[in-house]
Amino acid sequence: MTRLSSRPPRRPSGRLIRLLPVAAALLAGVPFTDSTALANEGAKPGGGCPWAQDVSLEVNGKTLTLNQAVFATAGAEPVVIEPYQIYPMVDQLKLRIVGPKGREWEASLTRLVSGKRCSAFYVGKAFLVSDVERDPNTLILNR
């Protein structure tokens, strides 16, 4: 390479020379991974569904936690989490919650599906739909 200037070439500063070993050590410690390893990071072992996790919702100041297995049962029997009765209406994508004094809440359901085996539900915020106090066993739930 020919020099275009009459000035002598500059020597690298002492600061730059001191930082080169530090930078080299940092780069040596960085693992170089491929994109498939990063994509599988959130997957569960055994091919499980990464979205299938417990969901929680707040009803009347109390937090209720539901397992995804609650949404797999299709029946008229409620899931009881004392003192609440929870009716998952998967076909209507809503969750009906009956309190201890007969008051009713509803929460919307969102279904996530990926492939043949991965299906999960998320629960929205619960809203009070009936604040009339009555016997919780005499309610008409299909409105």
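Tutor: Glu-104 is buried, with a relative accessible area of 0%; buried means under 20% relative accessible area, exposed means over 50%, and partly exposed lies in between, using a 1.4 Å probe and protein chains only. This is a predicted model, in which local features need pLDDT of at least 70 and side-chain atom pairs count only at pLDDT 80 or more, while totals for chains, interfaces and linings use all residues. Residues are numbered from 1 along each chain as its sequence is written, and side-chain values use heavy atoms, with hydrogens and water left out.

Glu-104 belongs to strand β6, residues 104–114, where strands (E, at least two residues) and helices (H or I, at least four) are DSSP runs numbered from the N terminus. The side chain of Glu-104 makes a polar contact with that of Arg-96, at 2.5 Å; such a contact is a pair of N or O atoms within 3.5 Å, and within protein one must be able to donate a hydrogen and the other to accept it, with residues adjacent in sequence counting only if both atoms are side-chain atoms.

A nonpolar core is a set of buried Ala, Val, Leu, Ile, Met, Phe, Trp, Tyr and Cys residues joined through side-chain atoms within 4.5 Å. Of the 16 residues in this core, those that touch the most other members are Leu-57, Val-59, Phe-71, Leu-95, Ile-97 and Val-123. Leaving aside neighbours within four places in sequence, Leu-95 is in contact (heavy atoms within 4.5 Å) with residues including Leu-57, Phe-71, Trp-105 and Val-123.

Two aromatic pairs are found in the structure; rings of Phe, Tyr and Trp (its six-membered ring) pair if their centres lie within 6.5 Å, and planes under 30 degrees apart count as stacked, over 60 as edge-to-face and the rest as tilted. The rings of Phe-71 and Phe-121 have centres 5.1 Å apart and planes at 40 degrees, so this pair is tilted. Because Phe-71 lies in the loop between β2 and β3 (79–81) and Phe-121 in strand β7, the pair ties together parts 50 residues apart in sequence. The other pair, Tyr-84 and Trp-105, is edge-to-face, at 6.1 Å centre to centre with 75 degrees between the planes. Tyr-84 in strand β4 and Trp-105 in strand β6 are 21 residues apart, and both are buried.
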